[in-house]
Amino acid sequence: AIQSITKDGIVNFVNSSYEKLFEYSKENILGKNIFDFNSIKESELFKAYKDAILGEFFFLENLHFKSGISDVELILNISITPIKNDKGDVERILVIMQDNTEKAKVEQELKDDLYLAKRIQTSLIQCDYASIKDIEIAIHFEPMMEVGGDIYDIFQFKDTYYRIFIADATGH
(Lines give C-alpha, C1' and ligand atoms only; values in the text may rest on other atoms or scores of the structure.)
Protein backbone atom coordinates (compact mmCIF):
# COMPACT_ATOMS: atom_id res chain seq x y z
CA ALA A 1 0.00 0.00 0.00
CA ILE A 2 1.28 3.48 -0.85
CA GLN A 3 0.32 6.77 0.72
CA SER A 4 1.57 10.32 0.26
CA ILE A 5 1.17 12.97 2.94
CA THR A 6 1.96 16.68 2.76
CA LYS A 7 4.26 18.33 5.30
CA ASP A 8 1.09 19.49 7.07
CA GLY A 9 -0.16 15.91 7.47
CA ILE A 10 -2.78 16.06 4.70
CA VAL A 11 -3.21 12.83 2.75
CA ASN A 12 -2.89 13.67 -0.95
CA PHE A 13 -2.52 10.19 -2.47
CA VAL A 14 -3.40 6.59 -1.71
CA ASN A 15 -3.30 3.69 -4.15
CA SER A 16 -5.88 0.93 -4.52
CA SER A 17 -3.83 -1.44 -2.33
CA TYR A 18 -4.08 1.12 0.47
CA GLU A 19 -7.86 1.25 0.06
CA LYS A 20 -8.11 -2.53 0.18
CA LEU A 21 -5.74 -2.99 3.15
CA PHE A 22 -7.22 -0.27 5.36
CA GLU A 23 -10.81 -0.44 4.10
CA TYR A 24 -10.93 3.29 3.33
CA SER A 25 -12.04 4.61 -0.03
CA LYS A 26 -10.03 7.48 -1.51
CA GLU A 27 -12.95 9.79 -0.82
CA ASN A 28 -12.77 8.98 2.92
CA ILE A 29 -9.04 9.64 3.24
CA LEU A 30 -7.87 12.16 0.63
CA GLY A 31 -7.69 15.70 1.99
CA LYS A 32 -7.88 14.51 5.61
CA ASN A 33 -5.20 15.19 8.20
CA ILE A 34 -3.46 11.93 9.10
CA PHE A 35 -2.99 13.14 12.68
CA ASP A 36 -6.77 13.30 13.19
CA PHE A 37 -7.16 9.52 12.87
CA ASN A 38 -7.33 7.70 16.22
CA SER A 39 -5.59 4.67 14.70
CA ILE A 40 -2.57 6.92 14.01
CA LYS A 41 -2.71 8.72 17.36
CA GLU A 42 -2.69 5.39 19.21
CA SER A 43 0.26 3.85 17.36
CA GLU A 44 3.99 4.28 16.82
CA LEU A 45 3.11 5.90 13.50
CA PHE A 46 2.19 9.19 15.19
CA LYS A 47 5.76 9.91 16.30
CA ALA A 48 7.25 8.44 13.12
CA TYR A 49 5.10 10.71 10.91
CA LYS A 50 5.93 13.75 13.05
CA ASP A 51 9.65 12.98 12.86
CA ALA A 52 9.44 12.29 9.11
CA ILE A 53 8.01 15.78 8.62
CA LEU A 54 11.25 16.99 10.24
CA GLY A 55 13.27 14.96 7.72
CA GLU A 56 13.90 11.61 9.39
CA PHE A 57 13.51 8.27 7.59
CA PHE A 58 11.81 5.38 9.38
CA PHE A 59 11.36 1.67 8.87
CA LEU A 60 8.95 0.04 11.29
CA GLU A 61 8.87 -3.75 11.30
CA ASN A 62 5.94 -5.85 12.50
CA LEU A 63 3.92 -2.86 13.65
CA HIS A 64 0.53 -3.92 15.03
CA PHE A 65 -2.20 -1.75 13.56
CA LYS A 66 -6.00 -1.89 13.31
CA SER A 67 -7.63 -1.74 9.89
CA GLY A 68 -10.23 0.91 9.18
CA ILE A 69 -13.80 -0.37 9.29
CA SER A 70 -13.63 -4.00 10.45
CA ASP A 71 -10.97 -3.27 13.11
CA VAL A 72 -8.93 -6.32 12.04
CA GLU A 73 -5.44 -6.40 13.49
CA LEU A 74 -2.75 -6.06 10.86
CA ILE A 75 0.97 -6.56 11.25
CA LEU A 76 2.77 -4.17 8.93
CA ASN A 77 6.25 -3.34 7.74
CA ILE A 78 6.25 0.38 7.03
CA SER A 79 8.80 2.58 5.30
CA ILE A 80 8.32 6.31 5.90
CA THR A 81 10.46 8.51 3.65
CA PRO A 82 10.53 12.31 3.67
CA ILE A 83 10.61 13.81 0.16
CA LYS A 84 12.60 17.05 0.08
CA ASN A 85 12.70 19.90 -2.41
CA ASP A 86 15.86 21.50 -3.87
CA LYS A 87 16.31 23.59 -0.70
CA GLY A 88 16.26 20.48 1.50
CA ASP A 89 12.84 21.21 2.98
CA VAL A 90 10.39 18.34 3.41
CA GLU A 91 7.48 18.75 0.99
CA ARG A 92 5.75 15.43 1.52
CA ILE A 93 6.14 12.01 3.07
CA LEU A 94 6.02 8.80 1.07
CA VAL A 95 4.70 5.86 3.07
CA ILE A 96 5.01 2.30 1.76
CA MET A 97 3.25 -0.39 3.77
CA GLN A 98 3.60 -4.14 3.41
CA ASP A 99 1.06 -6.43 5.02
CA ASN A 100 3.19 -8.84 7.05
CA THR A 101 0.31 -10.31 9.06
CA GLU A 102 0.34 -13.89 7.79
CA LYS A 103 4.14 -14.14 7.71
CA ALA A 104 4.47 -12.77 11.26
CA LYS A 105 1.82 -15.22 12.53
CA VAL A 106 3.58 -18.16 10.86
CA GLU A 107 6.93 -17.03 12.31
CA GLN A 108 5.39 -16.83 15.80
CA GLU A 109 3.86 -20.29 15.41
CA LEU A 110 7.24 -21.64 14.32
CA LYS A 111 8.92 -20.06 17.37
CA ASP A 112 6.25 -21.60 19.60
CA ASP A 113 6.72 -25.01 17.94
CA LEU A 114 10.51 -24.80 18.28
CA TYR A 115 10.17 -23.88 21.95
CA LEU A 116 7.94 -26.91 22.49
CA ALA A 117 10.34 -29.16 20.55
CA LYS A 118 13.25 -27.84 22.63
CA ARG A 119 11.37 -28.65 25.85
CA ILE A 120 10.57 -32.14 24.57
CA GLN A 121 14.17 -32.77 23.50
CA THR A 122 15.52 -31.51 26.82
CA SER A 123 13.14 -33.76 28.74
CA LEU A 124 14.17 -36.77 26.65
CA ILE A 125 17.87 -36.41 27.39
CA GLN A 126 17.68 -35.75 31.10
CA CYS A 127 19.01 -38.69 33.05
CA ASP A 128 19.41 -39.33 36.75
CA TYR A 129 23.23 -39.22 36.83
CA ALA A 130 23.35 -39.04 40.60
CA SER A 131 22.21 -42.68 40.73
CA ILE A 132 25.25 -43.81 38.69
CA LYS A 133 28.04 -44.80 41.07
CA ASP A 134 31.77 -45.20 40.56
CA ILE A 135 32.21 -42.73 37.69
CA GLU A 136 32.09 -38.97 37.55
CA ILE A 137 29.96 -37.55 34.75
CA ALA A 138 30.08 -34.05 33.33
CA ILE A 139 27.88 -33.14 30.38
CA HIS A 140 27.63 -30.00 28.30
CA PHE A 141 24.75 -30.11 25.83
CA GLU A 142 24.34 -27.16 23.49
CA PRO A 143 22.36 -27.64 20.27
CA MET A 144 23.49 -25.68 17.21
CA MET A 145 19.99 -24.17 16.95
CA GLU A 146 16.86 -24.24 19.09
CA VAL A 147 16.50 -27.94 18.47
CA GLY A 148 19.41 -30.17 17.54
CA GLY A 149 19.81 -33.65 16.19
CA ASP A 150 22.00 -34.77 19.07
CA ILE A 151 20.89 -37.12 21.78
CA TYR A 152 22.70 -38.96 24.55
CA ASP A 153 21.99 -41.28 27.42
CA ILE A 154 24.03 -42.94 30.16
CA PHE A 155 22.64 -45.96 31.90
CA GLN A 156 24.15 -48.33 34.46
CA PHE A 157 22.74 -51.77 33.83
CA LYS A 158 25.07 -53.89 36.02
CA ASP A 159 27.39 -53.10 38.88
CA THR A 160 30.36 -52.22 36.70
CA TYR A 161 28.72 -52.03 33.25
CA TYR A 162 27.49 -48.78 31.75
CA ARG A 163 25.80 -48.04 28.50
CA ILE A 164 26.85 -44.67 27.04
CA PHE A 165 24.85 -43.69 23.99
CA ILE A 166 25.74 -40.62 21.90
CA ALA A 167 24.13 -39.87 18.54
CA ASP A 168 24.17 -37.03 16.03
CA ALA A 169 21.20 -37.41 13.74
CA THR A 170 21.86 -34.34 11.58
CA GLY A 171 25.58 -34.82 10.81
CA HIS A 172 26.91 -31.51 12.13
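1. The accessible surface of the protein chain is about 11,700 Å², and carbon and sulfur atoms hold 53% of that area. Areas are by the Shrake-Rupley method with a 1.4 Å probe, and for residues only the protein chains shown count as cover.

2. This is a predicted model: local features need pLDDT of at least 70, side-chain atom pairs count only at pLDDT 80 or more, and totals for chains, interfaces and linings use all residues. Residues are numbered from 1 along each chain as its sequence is written, and side-chain values use heavy atoms, with hydrogens and water left out.

3. The protein chain has five helices and seven strands, in the order β-β-α-α-α-α-β-β-β-α-β-β along the sequence. Helices (H or I, at least four residues) and strands (E, at least two) are DSSP runs, numbered from the N terminus.

4. The radius of gyration of the protein chain is 28 Å, whereas a compact globule of 172 residues would have one near 16 Å. This radius is taken over C-alpha atoms, and the globule rule is 2.2 Å times the number of residues to the power 0.38. The C-alpha trace spans about 85 × 40 × 25 Å along its principal axes.

5. Of the 172 residues, 28% count as buried, meaning under 20% relative accessible area, with exposed over 50% and partly exposed in between (1.4 Å probe, protein chains only).

6. Ile 151, in strand β6 (residues 150-158), counts as partly exposed because its relative accessibility is 34%.
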